[in-house]
Amino acid sequence: MKAYEDLREWIAALEKAGELKRISAEVDPVLEITEITDRVSKGAARKYGRPGGPALLFENVRGAAGIPVLINQFGSERRMQMALGVEQLDEVAERIRHLLNMKSPEGFLEKIKMLPTLAEMGKFFPKVVKTGPCKEVIKKKDFSLLDFPVLQCWPQDAGRFITLPCVITRDPKTGKRNVGMYRLQIYDATSAGMHWQRQKVAAEHYREKLRMAAAMGGESSAAVDIMARSGGGARLAEGDRPSGTLDVAVAIGTDPATTFSAIVPAPPEVEEFIIAGFLRQSPVELVKCETVDLEVPATAEIVLEGYVKLDELRTEGPFGDHTGFYLLEDEYPVFHMTCITNRKNPIYATTIVGKPPMEDGWMGKAVERIFLPLMRLTLPEIVDVNLPVEGIFHNLMIVSIRKSYPGHARKVMNGIWALGQAMFTKCIVVVDEDVNVHDIGDVVLKVFNHIDPERDIQFTLGPVDSLDHASRLPNFGSKMGIDATRKWPTEGFTRPWPDEILMDEKTKELVDKKWKDLGME
Ligand SMILES: Cc1cc2nc3c(=O)[nH]c(=O)nc-3n(C[C@H](O)[C@H](O)[C@H](O)COP(=O)(O)O)c2cc1C
Ligand SMILES: [Mn+2]
């Protein structure tokens, strides 16, 4: 398929496929859009009474001066497939597997055969172009964040939050770009809270800049340490402030593959624009920013340019988060704007998070499918993985393995806790390969039959998600693994293990044949 050029092509494709509903009645960006979207995404819209509901384009948003709001664009399995241009998400996994399986060519013929694959790979890399639609309107002064229909999502939210932004930063040491989705809380016309959690890549860019600033300015490492604790309840003492800034650009309303690439838990060193290029099978076109040393997607609807100061943290939150609870306030850096550029008649793209299932649940499921082959690179014994949406992705991972040696399930748990953002997984349940991890009934039956809790549960301590409100400290707490695999004599289990009750094939066939005559249909 041809990649979507921009958000507008994507919206047109959604509309053609009957996946978009335009709403012309006036709605309030404060709470009302959330209530409507939440009902739709949970399947309450009569005509679209299916899980996920349609994408919504609110065309008449109070106080928005005609700027429409797009929401729930990724909010169903079908739309997630469309966004990535596939019939099944496993096709993306298959393409990754194909790439990873590449072996060094032997001989001329094999080299020739590889050329198309290499040419394909050339398409992944972003291309910097002279200009693009996102520069149709450039405002270096008299701009205001308040001009955009930014939502207040939930009653106890601290204010209005930009919830679907691609936040672009550059590693101050290597120059490599990163794109992450980190929400922003609007403080006033030109500043916003920058909610990059401390284990995320942009937070590391910020710390790197702090270390460099401290080394140059002679600030105490204690000051750097305090600042680096942003998102961990830190405040900075007066007179102990490293100076300097880190450039940040925020693109809103990008093509769907680029937006999606900002949430994938890629290895820190992999630039998301390359991932987007891989997903689109066509390069992402970038343009240089006006006031900062960064590049942004050329077709973005809205681009915010600015910086965060190294010596400033401010209270961000509370915010109703995808845990189904409010994430309490904490200290985060402040994004100060230097310029806004946008397309003519821009479209504001956003999402809401809250009690699952919601739009982000479908994005998470896509990540689950696409990352399976990547997990298998490190843990080849993994057969399948399920992150149930109510487990909000970091609370529960069910993983089936091909068990080959004593203690194998524990090795897998420890491997997952060491695997990028999977480190946040609060509970890992490991089952044998005969368990269908997507069938919660099968999982519950087998897991709780098979465990001797005291023997089979393992606790560990380590970093936990910033969203965890139960951990003993912010960002630090315990995790649990359940080894629900069948236990072996070599693991000290010498009692006989019973067979699962299954009818024999002959009897099943017999009954199949007789079923109608039995009057069962
Ligand atoms: C809708 C949505 C909102 C998100 N908001 C945040 C956020 O505010 N802060 C954050 O650190 N991560 C947030 N995330 C998760 C990150 O986008 C995700 O961890 C991503 O992989 C980070 O990229 P990085 O590895 O380049 O840092 C959000 C994800 C989604 C889907
Ligand atoms: Mn990244």
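Modeller: A pocket is an open set of points on a 1 Å grid over the protein atoms alone, with protein on both sides within 12 Å along at least five of seven lines, whereas a cavity is a set where a 1.4 Å probe fits but cannot get out; lining residues have an atom within 4 Å of a point. This is a predicted model, in which local features need pLDDT of at least 70, side-chain atom pairs count only at pLDDT 80 or more, and totals for chains, interfaces and linings use all residues. Residues are numbered from 1 along each chain as its sequence is written, ligands from 1 in the order in which they are written, and side-chain values use heavy atoms, without hydrogens or water.

Biologist: Which residues lie nearest the centre of the second largest pocket?

Modeller: They are His-450, Trp-497, Pro-498, Asp-499 and Glu-500, out of 19 lining residues. Helix α12 (residues 440-450; a DSSP run of H or I, at least four residues) gives the most to this lining, with 4 residues. The space in this pocket is about 530 Å³.

Biologist: Which residues coordinate the manganese ion (ligand 2)?

Modeller: Donors are N, O and S atoms within 2.8 Å of the metal (3.2 Å for Na, K and Ca); water is not among the atoms, so sites may look incomplete. Here Asn-178 (OD1) and Glu-272 (OE) coordinate the ion at 2.0 to 2.1 Å. Asn-178 lies in strand β8 (residues 177-180) and Glu-272 in helix α9 (residues 272-280), so the pair ties together parts 94 residues apart in sequence; a strand is a DSSP run of E, at least two residues.

Methods. Grid points are joined across faces, edges and corners, and a volume is the space filled by probe spheres set on the points.
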